[in-house]
Amino acid sequence: MGLVSTLFVAACVVALVAGVIHLIVIMLELSGGGSGRSEDVFKRLDGLNEATERSERVVRDESQVMRRESETRGKMLRDEVNEGISRFAGTCRR
């Protein structure tokens, strides 16, 4: 699995865990229990949300960098192949 795929899966897992925790907190709030701890849980959820957003940004940024690097390497390879073909054609004409 590539780096981008791994980071994407990690970001999805973090988002899923944050969602499940959020549902549990809502259920506790509705049942009237855990009112003292709910603020702490909400702070943690905010932290998870920020971490998820950072992970998503990192995945997008890394994906763009990898795409640009791939384009650059592809162009360099095409240029090398064209140069090699031109040299080969030049030696065949002599």
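**Note on charged side chains in helix α2**

1. D79 and K75 lie 4 residues apart in helix α2, so about one helical turn separates them. Their side chains meet in a salt bridge, at 3.1 Å from N to O; the term requires a side-chain nitrogen of Lys or Arg within 4 Å of a carboxyl oxygen of Asp or Glu. D79 is partly exposed at 39% relative accessible area, and K75 is partly exposed at 45%. Here buried means under 20%, exposed over 50%, and partly exposed in between (1.4 Å probe, protein chains only).

2. The model is predicted: local features need pLDDT of at least 70 and side-chain atom pairs pLDDT 80 or more, while totals for chains, interfaces and linings use all residues. Residues are numbered from 1 along each chain as its sequence is written, and side-chain values use heavy atoms, without hydrogens and water.

3. The structure holds 2 salt bridges. Besides D79 and K75, E83 pairs with R87, with 2.9 Å between the closest N and O atoms. E83 and R87 are also 4 residues apart in helix α2, about one turn. E83 is partly exposed at 47%, whereas R87 is exposed at 54%.

4. D46, E50, E53 and E56 gather in a surface patch of negative charge. Patch members have over 30% relative accessible area and no salt bridge, with like charges joined within 9 Å and nonpolar side chains (Val, Leu, Ile, Met, Phe, Trp, Tyr) within 5 Å. E50 belongs to helix α2, residues 35-93, helices being DSSP runs (H or I) of at least four residues and strands (E) of at least two, numbered from the N terminus. E50 is partly exposed, at 45% relative accessible area.

Notes:
Areas by Shrake-Rupley, 256 points an atom, 1.4 Å probe, with all protein chains shown as cover. Lys, Arg positive; Asp, Glu negative; His and termini not counted. Charge placed at Lys NZ, Arg CZ, Asp CG, Glu CD.
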